[in-house]
Amino acid sequence: MRLSSYFMPTLKENPSEAQIVSHRLMLRAGMVRQASAGIYSWLPLGFKVLKRIEQIVREEQDASGAQELLMPTIQAADLWKESGRYDDYGKEMLRIVDRHEREMLYGPTNEELITDIVRHSMKSWRDVPKNLYHIQWKFRDEVRPRFGVMRGREFLMKDAYSFDLTKEAARHSYNKMFAAYLRTFARMGLKAIPMRADTGPIGGDMSHEFIILADTGESQVYCHRDIVDFDVLGSAVDFDDVAALQGIVDRWTAPYAATDEKHDIEAFAAIPADKRIEARGIEVGHIFYFGAKYSKPLGAMIARPDGELVPVEMGSYGIGVSRLVGAIIEASHDERGIVWPEAVAPFKVGLIDLRPADAACAAAADRIDGALRAAGVEVLHDDRDDSPGAKFATMDLIGLPWQLVVGPRGLAQGVVELKQRRTGERQELSIESALARLTLR
Ligand code: 5CA
């Protein structure tokens, strides 16, 4: 992609409405634009990151055995009256009346709708276990939308819903999501810590939030230092191995870790002082087990092998996909801008042509651009007529993992400069070696 034709409206000045660094950098890098309070348009650069995050979430859900579907954003109020949540949800729910005076709403979550889908087709113990998920926009009319996409009113969520015959089987489904979440966040370069959490309007009696420690986080959290140092979960997880998964969950839930609502002052005080962490955190995921809370009122019953009908056992599992864009920036930036982990970067390489008016520079940059693209490497090619300082500043701001600089002086000696955004490390290389480095998998 040539920067001269790319739509990336960057800002030189810090926007005054942005209170935290991720919001500031997202606006400055031209990733999003506010449409109204807590509602954002995703511009090309931001949209690419959103899609990358979404894809990692999807791959890890699929790997755990969950199946993707798509439910609508607009739901009928009747279903929510059946579950009893229509009145409970209060002002956070955006209520809509259609032309036939039917009460509708913009879904803040989908427990009712998914239960409605399965109650018509899941009839027996042979039909479970199942885990169904979608990645869809939600709307919550938050009192205080703030921090850009971190607390929006419209936001993208992955929500999964599990269905089982027994409590024990539901526990295994919960554990699968627990392990899938550890892998998902690790792939994005994040250390997300599972913490005991309150269930709020979703309900149920077992719940963990996945928290990234960050000063700008909205949650107050408490944990044992050991858990922060745990290695991330590697790739070898057998999701069908009940005991092994329980082992993973037991290990991660053994050290103290709780959000404010579940904080146990005495248990925390028992931890040696130098091991106690009291911090702020960003909630990027939240998982719930709630048994028959929805299946019972909505009549989602399945037959046991002995023929008795029982409400299907359920859990739900959310990931804040759009929030993650902000959360990753909070966790990975420096004073010059964003530092994208490679797995979610909008482009892998920023190719800077220092002198596009010079025929040799333009030809070399075009050749590199073509070779990288042919190897499947995404490149943002700065071919604009601008000062070197401005070009470097823009590339640092948008945080692509690698910068490849082509200039007349280097070319005369047959070299280009490769810079790693994260470390600032620079190296002069021949074009061929630079290409070899960047096309390595
Ligand atoms: N139905 C359940 C699980 S599928 C549910 O709705 N859980 S939730 O309320 O905890 O939301 C799931 C995730 O969505 C949260 O962990 C958070 O990362 C994200 N989220 C929630 N509210 C917002 C918001 N206002 N803006 C951005 N992301 C949000």
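The model is predicted. Helix H2 and helix H6 pack with their axes 9 Å apart. Strand E10 pairs with E9 and also with E13, while E4, E6 and E5 form an open sheet of 3 strands. Thr 115, in helix H5, is buried.

**Helices H2 and H6**

- Helix H2 spans residues 44-63 and helix H6 spans residues 167-187; the angle between the two is about 150°.
- H2 is therefore roughly antiparallel to H6, as angles over 145 degrees are counted that way.
- The two helices, H2 and H6, cross in the right-handed sense.
- On the H2 side, the contact is made by Ile 56, Val 57, Glu 59, Glu 60, Gln 61 and Ala 63.
- H6 contributes Met 177, Ala 180, Tyr 181, Arg 183, Thr 184 and Arg 187 to the contact.
- Sorted by class, the residues in the contact of H2 with H6 are 6 nonpolar, 4 charged and 2 polar.

**Strand E10 and its partners**

- Strand E10 covers residues 206-213 and is mostly covered, with 7 of its 8 residues buried.
- Strand E9 (residues 193-196) pairs with E10 in the antiparallel sense, over 4 bridges.
- The pairing of E10 with strand E13 (residues 276-291) is antiparallel and runs over 8 bridges.
- Glu 209 has His 286 as its bridge partner in E13.
- In a regular strand, side chains alternate between the two faces of the sheet.

**The sheet E4-E6-E5**

- The strands of this open sheet follow the order E4-E6-E5, and their pairing is antiparallel.
- Strand E4 (74-76) and strand E5 (94-97) are at the edges; each has a single partner strand, so one side of each has no neighbour in the sheet.
- From one strand to the next, the twist averages 35°.
- E5 and strand E6 (residues 103-106) are joined over 4 bridges in the antiparallel sense.
- Leu 94 stands opposite Tyr 106, which belongs to E6.

**Thr 115**

- Thr 115 is part of helix H5, residues 111-119.
- Thr 115 has a relative accessible area of 0% and so counts as buried, the cut-off being under 20%.
- Leaving out residues up to four places away in sequence, Thr 115 touches Tyr 294, Ser 295, Leu 298, Ala 300 and Met 314.

Note on methods. Residues are numbered from 1 along each chain as its sequence is written. This is a predicted model: local features need pLDDT of at least 70, side-chain atom pairs count only at pLDDT 80 or more; totals for chains, interfaces and linings use all residues. Side-chain values use heavy atoms; hydrogens and water are left out. Axes are lines fitted to C-alpha atoms, for helices over the stretch in contact, and angles run from 0 to 180 degrees between N-to-C directions. Angles under 35 degrees count as roughly parallel, over 145 as roughly antiparallel, 65 to 115 as roughly perpendicular and the rest as oblique. A crossing is left-handed if the near helix is turned anticlockwise from the far one by less than a right angle, and right-handed if clockwise. Contact means heavy atoms within 4.5 Å. Ala, Val, Leu, Ile, Met, Phe, Trp, Tyr, Cys and Pro count as nonpolar, Asp, Glu, Lys and Arg as charged, and the others, Gly among them, as polar. Buried means under 20% relative accessible area, exposed over 50%, partly exposed in between (1.4 Å probe, protein chains only). Two strands pair if DSSP finds at least two bridges between them.
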